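Subject: Structure for your records

Hello,

Here is the structure I said I would pass on. My notes follow it.

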Amino acid sequence: MDRRDFIKASAAAGATATLAGCGNPENQLIRFIPEEPLFPGIATWKPSICSLCSAGCGVLVRVMEGEAQVIRNGQTGILKMGLAKKLEGNPDHPISQGKICARGQAAIQVTYHPDRIRQPLKRSGDRGSGQFQEISWDQAMSEALSRLNSIASSEDRKTLGFLTRPLSGQREVLVSQFLEQFGAPSATVFEVFGNEVLREANRRSFGYAQLPTFDLARSHYVLSFGADFLGTWNSPVAHSLAYGEMRQGRPGIRAKFVQVEPRMSQTGANADEWIPVKPGTEGILALGLAHVILKAKLRTPSDAARAGELIDGWNSGLPNYTPEAVATRTGLSSARIEKLAHEFAEHGPAVAMIGDAPLAHTNGMSQALAVNALNALVGNVGKAGGIFFTPRPDIGGPPKAGRHLRDIAADVLVAARTPVQVLLLNDTNPVFGSPPAWRVAEALRKIPYIISFGSFLDETSSLADLVLPDHSFLESWVDAVPESGTSMSVASIAPPVMRPLHQTRSMPDVLIEIGRQLQRPLSLPWKTYEEMVKAAAEVLPGESGSWESIQGQGGWWRSASMLQPDRQTARREAPLNDAQFDGRAEDYPFHFLPYASQAFLDGSLAHLPWLQELPDVVSTAMWSSWVEINPRTAQDLGIVQGDMIEITSAHGTLQAPALLSPGIAPDVVGMPVGQGHQNYTRYASGRGANPLSILSGVTEPETGALAWAATRVKVAKMQNSGEQRPLILFAGGMKEHEERHR
Amino acid sequence: MAHSWGMSVDLDRCTGCEACVVACHAENNIPTAGPDEAARGRAKHWMRVERYWEGEFPDVRLKFRPVLCQQCESAPCEPVCPTYASSHTSEGLNAQIYNRCIGTRYCANACPYNVRFFNFYNPVWERPLDLQLNPDVSIREQGVMEKCTFCVQRINAGKIDAKANGRELQDGEIKPACVQSCTANALVFGDLNDPDSAVSRLSRSPRGSKLLEEMGTQPKVTYLERETWHKSEGTHRG
């Protein structure tokens, strides 16, 4: 079409539109009167809190006037409203200090996602068919209430289940009070990459069941056992800020950073020294270092206090962990172990950390206790340049841990009348994220009624009978009490930054409303969630705590003294067991290492197009799954870059393209978690493979946490791969001669 | 004196987190290409993080380098443009004037840094993703070349604000989206004509070098090399 034709066509289309508009008023959208004062072209920045992970980064949202198509009182129309345009870190917030990560930058797409659920849904087809019909909130609420009223007898009340992603702040308090007053058991939290092993280890070693905070900016030596702390683990933005200072923020001082892991992560790439050890032997190396430090009398056993007393043989100098013995078990040379131990003890303040895969073995707990003891030995717990625990304001009370999802699923599957009659599901996706051996999907199908609060249909929420869609975090009151990442005491609180785009309601408000309307009403003392957050904020001490100033700056924070480790003796020596793996080495020669992906974490962010097109920084892959394999191993198996390969465990098989990577041990294959969704919006559905789908159900025995690094696999090149699923790489792209003309 | 905008990138701070990459998409209305077009090498990333492997397992190293338009003082993209769409501004930016561009793609051929991106199609934002678009940045149509602008809309907003309030522009006041987002403060932006600006001081660092500087392009982005740790130095360096 040339310019002249285009003008003619536009003129004709315009005339048609005008005529249609005259004849059929319902075809022309009316303009609603704005509900808020707006200034064209002027941006305002409003505080909020990023809710994509548990770190709790404070953000500022750029809000400008725009026109959105909305529904008001059943009428579709155009509304001029304040729209979020960009997220940036909140410079005043103690965790984010003006920064947010790549995922946080993309978080705005959650609100504007084309596949967001826009109003309540009721299942209209079979379970899992994905067929729903849109219904009104009045109808949805009455359906939910009648279901909850039907389990009102004192015995039946225990059959209400609540399955959720990790909650923080007043959401956690509300859910816990709702369930307690209803007479239901505590909520079950499900997340793939949970940290319950480390929390429990920290409770035993130091007295705090909490993730640690690291004072990297003042440290002179950082030794990380597997923790992807600059990428995906714990509080990555706070870590990155401190890391920059650790490298170049102190004139004349640049700390050394050592990373111990069998597959080079984004974090490991930044290390001065990268040490691949055999999977599951990280804790053995930590005790080997402690042995050398004790033997050279650089420290004495009592320096580690309680954390040391938990380790078998600590007071006698760990005789089983000589450099020679540790060398055999970890695959390092004894000279390197001695050198590392001396560096760690002599270049203080030094800090050791453990996270991710080393905790996801069957010996995860003892590995964590070993690293805790090493930290305590060099005297860096609660000290500058070491580790400490964030002092949290007391506005919630300790969370009550519900039963493990795996146990609930097992009970549901065997019972004649399932012990869960109604399940409330809040934004977590265990059908995608749990190993097949737990049979979660099967159990969920057996539960008579499921109500989901999620904003998207995914593998789990598509099993729901009723969907009561939540606001996005930009449309909600948000609050969080960060567990780690700052030395200050923080309660982040922020009002909504924009009006809801769709016919959604915030989950806490729906819970409060249900509590009021039940036949046997609950005595929740608040009319709205806003009221509840305000009531909690009033308890916060100090002059900075006025409600207006809290809303204006996005929370309340004040400096507090560091929590000191509990040194009280809790003698309970435990030997460090060898990690056990699922699958015999003869049949399954490779360790399988799934890892949280830079773009998608546990897969919950695979629906955001910016993150799909974000090249993974290590592989440069976009829109793809891949399996990382050592080039020499690949050569032995006749595999070249991009070949479709088959990964088989005792529990399943998947296919994905091979990515030859020099940064992975020859007996390990690595795979990012995130792709492989069957059903998760137009951007993620049917793309790639899910490594979690072939994991064994092996757990860390003391916490019941999934040991997601404990599965062994075999690898084969696919002879007849059928449909090729290409590996899309950003590196090496932009070749003009490869462009096809269309 | 006129401004001369420049950037320094401290590779010893950069962690490869790629917050800059997504921040750039959000700020500059960069369309998502989708898997099919991305497979053809048509994904648009004005800012990217390159990575280089060195050595073999187990003695392997991986290095990151954020790469964006180097805003060359002697830019190969400019003289090849038949319509003066690629042109040099008085403040030293390699501007791309979209409504002059006729899509010859000579500039992308001439650029040694691979930082120019061609619109093979009209961009699409599936509704309501379009509500996020930044009204300060124009959307590029089919047939037009696009590239990093050092967030010229932010530069202009900063200058206008300073002028409206009758004050001098402060060093560090203007931050392109990538610099604002940088979680390790590896990226620093400012005026190279101000010898006391942070970017000027960092650009004079003995660790500094320019990307492909032997080509004579005179880039205004300075890379500060990653350091190595030696035991003999301990934690202290000279």
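L223(A) stands opposite V258(A) in β11(A), and V258(A) in turn stands opposite E273(A) in β12(A). This is a predicted model: local features need pLDDT of at least 70, side-chain atom pairs count only at pLDDT 80 or more, and totals for chains, interfaces and linings use all residues. Residues are numbered from 1 along each chain as its sequence is written, with chains lettered from A and ligands numbered from 1 in the order in which they are written.

Helices (H or I, at least four residues) and strands (E, at least two) are DSSP runs, numbered from the N terminus. Strands pair if DSSP finds at least two bridges between them. β11(A) pairs in the parallel sense with β10(A) over 5 bridges and with β12 (residues 273-275) of chain A over 3 bridges.

5 of the 5 residues of β11 (residues 256-260) of chain A are buried, so this strand is largely enclosed by the rest of the structure. Buried means 20 or more other C-beta atoms within 10 Å of the residue's own, with C-beta atoms placed from the backbone. K256(A), V258(A) and V260(A) point one way from β11(A), F257(A) and Q259(A) the other way.

For α7 (residues 236-248) of chain A, 12 of the 13 residues are buried, so the helix is also largely enclosed by the rest of the structure. Its buried residues pack against β9 (213-214) and β10 (221-225) of chain A together with β1 (5-10) of chain B.

Between the chains, 55 residues of chain B are in contact (C-beta atoms, placed from the backbone, within 7 Å) with 67 residues of chain A.

Regards

Note on methods: Contact = placed C-beta atoms within 7 Å.
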